Amino acid sequence: EEEFKWLLQEEVHAVLKQLQDILKEASHRFALPAGGSGAAGKPENFMLHLCSHSSTDQVKGVLTLQGDALCQADVNLKMPRNNQLLHFAFREDKQWKLQQIQDARNHVNQAIYLLMNRDVNYQFKTGSEVLKLMDAVMLQLSRARNRLTTPATLTLPEIASSGLTKMFTPALPPDILVNFYINLNKLCLTVYQLHVLQPSTTKNFKPAGGSILHNPGAMFEFGNQRYEVSHVHKVECVVPWLNDALVFFTVSLQLCQQLKDKISVFSSYWNYRPY
């Protein structure tokens, strides 16, 4: 009983403090600049590298990421049909917010709020109270991690109607679609090249559903026109601070689970102790 009391009064608070410190570090990684300070707040340039399944050097470029905002994208695309080189960049007045990073940051901040949302002298009375808190914190951390590890599935018409297509100068040609997303610690750019399906070839038309990455041959209808994806180019770059954040999430989830396991051991002892 004394040991369990010590666990509730001392060790739980030590673990909560440790979790707060780790998650504040994670939150700083996502931070936007406050008066120009903080490493994650500074714009960072990332070179786009081809993924292993891209056979030729068709897409090159540099992306500039600042917190959750892509504030510049400069992309060169070599068209396979005629080797023509296309260059497109964000308009200077435009930024593209990465919803995945925004959401992950919000979940981290919610977890920090749960950990800090009690009086400094607060004492936990029961093990179930601690378990409930750990479950709530772990839910937020799992959601934060899932936002970075699981990009949204989009249909091709959703990509075509996205505000992203209006970001570039010169404007993207009608047979090019682009999509940006986060996958784990990488910032990914997918470029789709399309060809228009003639009315005579649309008898086998089968629109593609939602996907993170569409393959050549995927068909869709947009603006009274039917298209087929002819080429797909996926390029990516590693964002080191996203890697840090994912490590912080993993360590924090392990700490929560360890505390839950200790509480459960004591709780089962009290439930089953012989009289």
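1. At what angle do α1 and helix α3 (residues 127-149) pack, and how far apart are their axes? The angle is about 20° and the axes lie 12 Å apart, where axes are lines fitted to C-alpha atoms over the stretch in contact and angles run from 0 to 180 degrees between N-to-C directions. That makes α1 roughly parallel to α3, since angles under 35 degrees count as roughly parallel and those over 145 as roughly antiparallel.

2. This is a predicted model, in which local features need pLDDT of at least 70, side-chain atom pairs count only at pLDDT 80 or more, and totals for chains, interfaces and linings use all residues. Residues are numbered from 1 along each chain as its sequence is written, and side-chain values use heavy atoms, with hydrogens and water left out.

3. On the α1 side, the contact with α3 (heavy atoms within 4.5 Å) is made by residues including Phe4, Leu8, Val12 and Leu16, and on the α3 side by residues including Val130, Leu133, Met134 and Leu141. By class, this contact has 12 nonpolar, 1 polar and no charged residues, with Ala, Val, Leu, Ile, Met, Phe, Trp, Tyr, Cys and Pro counted as nonpolar, Asp, Glu, Lys and Arg as charged, and the others, Gly among them, as polar.

4. Helix α1 (residues 2-30) also packs against helix α2 (residues 99-116), at an angle of about 155° and with the axes 9 Å apart. That makes α1 roughly antiparallel to α2.

5. Among the residues where these two helices meet are Leu16, Gln20 and Lys24 in α1, and Ile101, Arg105 and Asn109 in α2. The residues of the contact of α1 with α2 divide into 12 nonpolar, 3 polar and 2 charged.

Key
Helix = DSSP H or I, 4+ residues; strand = E, 2+ residues; numbered from the N terminus. Parallel < 35°, antiparallel > 145°, perpendicular 65-115°, else oblique.
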